[in-house]
Amino acid sequence: MMSNNFGEILKNLRKERGLTITKLSKMLGISPSTLCKMEAGKTKKIDFDMVSRICQVLNVDANQIFGIVPKFHSDIQNEVEELKSTLEYVSNQFLKLALQDKRIYEIIDVITSFEIEPVNGKIWGRFENPIMAGGYFNENDMIYGLFLMSFFFQFNYKCRKVALKIQQPEYEQAIDALFIRLGMILREQATRNIISYAGFQTEKFYEEFKNLINIAVKALGHKYDEIGHLTDCYNPQEAEELKHIRAIYETISFEGETIKYYDYIAKVYEIVNIHNTVEVQYMVMNLYAKAYTESVLWLKKEDPSGQWCPATPWQIIVKLKVMIPKYFIY
C-alpha cells in the first residue's frame, strides 16, 4: 500500500534517526525552512536528485520514502503485486488529471499497455514496445530488468511529450512527482533481478564497451563549415535527430577502472567499478533501453529492418544488444 503523505513519512524517518530539522537540512544541503515545507507537504515539486539524496542520507529505499509496504523479494507473487500496486496508484492519479485535460490519456494508454503476472513460479510480462513484446522471466533474470526499463523509458517519453503540450506548471509538477514514484520502484526491481556473474570477463568487456561508446559518439557527430552549413551527407533534420541520439552515448565516460554514467531512472550520475557486475549490467541495460526507445520514438517509426534511421545508429544499437547476452546472460 502506498501513502500520499511524503512529508509525514520524511518527518517520521528523521525523528526515528534522532535528527533535528537543522541537522538533516545540513546533511541534505538545503535550508531548514525548505525542509520544514517538505515535511509539512507545502513543497509543490521535489526533484529526482533530492529524493535520491534523502534515500542516501536516511539509508532508506524508495519503498520506505514513498510509504510502500515492503515485501519479501524472494516471493515472485509479492514482487509482482508490489509493482502492480504502484502502477495502479500512478494510473489513478493520472485519471484525476485526465478529467481536466484529455491529453493525459496518452500517458494512461502507456501504463495500461503494460501487463505483468506471476505464472508457474515465473514472471509473465507483456508490453506494446519495440524492445520487448513480452515473455516469461525467471525471478533473477536480467532480461526482466530490461523489460521494466523499456517500459520506463516509453513512459518517460510520453510524460515529457504530454507535459510539453499542456504547458501548465501544476500538471507538469504532478507528472514529475508520479514519475519519481514509479521510476525509483522500477529501478529497484530491475537491479534486484540481476545476479552477479562470476564468469564476467572484466577486461574484455571494458575494452569492447569503451570502443563502442567512442565509435558511437564519433560516428554520430557532424561537421559544419564556417557559415554553419553541414559538410557531411546528413540533411538538417537527420542531423538534429542524430545529435539527440548521440547525447545518450555522451552520458558515458571512462576513468581508470570505473565507468561514469547518467542513470536516467534515478536521475543521478553514478560511478561504477567495472568489477561490480550487477551495477555494470544495470548500466548497460539502462543505456540500451534508453538508446533504442528514444531512437524509435524520436524518429516516430518502428521498422525492425533499420530503415527508419541512418545505418550508423542502428548498427550501434545492434552491437550494444549483442553485448548483453555475450557478457552477462548464462
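Trainee: How do the residues lining the largest cavity divide into nonpolar, polar and charged?
Mentor: There are 6 nonpolar and 2 polar residues in that lining, and no charged ones. Keep in mind as we go that this is a predicted model.
Trainee: Noted. Which residues are they?
Mentor: The lining is made by Thr251, Ile252, Tyr261, Tyr262, Tyr264, Met283, Asn286 and Leu287. Two elements each give two or more residues to it: strand 5, at 258-263, and helix 12, at 277-299.
Trainee: Which element gives the largest share?
Mentor: Helix 12 does, with 3 residues.
Trainee: And what volume does the largest cavity have?
Mentor: About 40 Å³. The structure holds 1 cavity of 30 Å³ or more.
Trainee: OK, new topic: salt bridges. How many are there in the whole structure?
Mentor: A search finds 9. One of them pairs Glu39 with Arg14, and the closest N and O atoms there are 2.6 Å apart. That pair links distant parts of the chain, with Glu39 in helix 3 and Arg14 in helix 1, 25 residues apart.
Trainee: Are Glu39 and Arg14 buried or exposed?
Mentor: Glu39 is buried, and Arg14 is buried as well.
Trainee: Which residue does Lys326 pair with?
Mentor: Lys326 meets Glu208 in a salt bridge, at 2.9 Å from N to O. Here too the pair links distant parts of the chain: Lys326 sits in helix 13 and Glu208 in helix 10, 118 residues apart. Glu208 has a relative accessible area of 28%, so it counts as partly exposed.
Trainee: What about Arg246 and Glu250, how do their side chains meet?
Mentor: In a salt bridge, with 3.3 Å from N to O. Arg246 is buried, at 17% relative accessible area, while Glu250 is partly exposed at 44%. There's also a network: Arg187, Asp263, Glu270 and Glu279 are joined by salt bridges that share partners.
Trainee: Where is Arg187?
Mentor: In helix 9. Arg187 is buried, because its relative accessible area is 17% and the cut-off for buried is under 20%. Its side chain also makes a polar contact with the side chain of Tyr282, at 3.4 Å.
Trainee: Let's stay on helix 9. Why is it called largely enclosed by the rest of the structure?
Mentor: Because 17 of its 24 residues are buried. Its span checks out too: at 1.5 Å a residue, helix 9 (residues 169-192) should span 34 Å, and its end C-alpha atoms are 35 Å apart, which agrees.
Trainee: And helix 8, what span should it have?
Mentor: Helix 8 covers residues 142-166, and those 25 residues should span 36 Å at 1.5 Å each. The end C-alpha atoms are 36 Å apart, so that agrees. Helix 8 is also largely enclosed by the rest of the structure, because 20 of its 25 residues are buried.
Trainee: What follows helix 8?
Mentor: Gln167 does, and its phi is positive, near 55°. Most residues other than glycine have a negative phi. Gln167 lies in the loop between helix 8 and helix 9, and at 62% relative accessibility Gln167 is exposed.
Trainee: What is the phi of Lys267?
Mentor: Positive, about 60°, although Lys267 is not a glycine. You'll find Lys267 in the loop between strand 5 and strand 6.
Trainee: Last one: which backbone oxygen lies 2.9 Å from the side chain of Thr86?
Mentor: The backbone oxygen of Glu82, and the distance is to a polar atom of the Thr86 side chain. Thr86 is in helix 6, and Thr86 is buried, with a relative accessible area of 1%. Here's a handy rule to go with that pair: an α-helix has 3.6 residues a turn, so residues three or four places apart point the same way.

Technical notes
Residues numbered from 1 in each chain as written. Predicted model: local features only at pLDDT ≥ 70, side-chain atom pairs only at ≥ 80, totals over all residues. Heavy atoms only, no water. 1 Å grid on protein atoms, 1.4 Å probe; cavity = no way out; pocket = protein on both sides within 12 Å on 5 of 7 lines; lining within 4 Å. Points joined across faces, edges and corners; volume = space filled by probe spheres on them. Helix = DSSP H or I, 4+ residues; strand = E, 2+ residues; numbered from the N terminus. Nonpolar A, V, L, I, M, F, W, Y, C, P; charged D, E, K, R; others polar. Expected span 1.5 Å × (residues − 1). Buried < 20%, exposed > 50% of the residue type's maximum accessible area, 1.4 Å probe, protein only. Salt bridge = Lys/Arg side-chain N within 4 Å of Asp/Glu carboxyl O. Polar contact = N/O pair within 3.5 Å; in protein donor to acceptor, adjacent residues only side chain to side chain.
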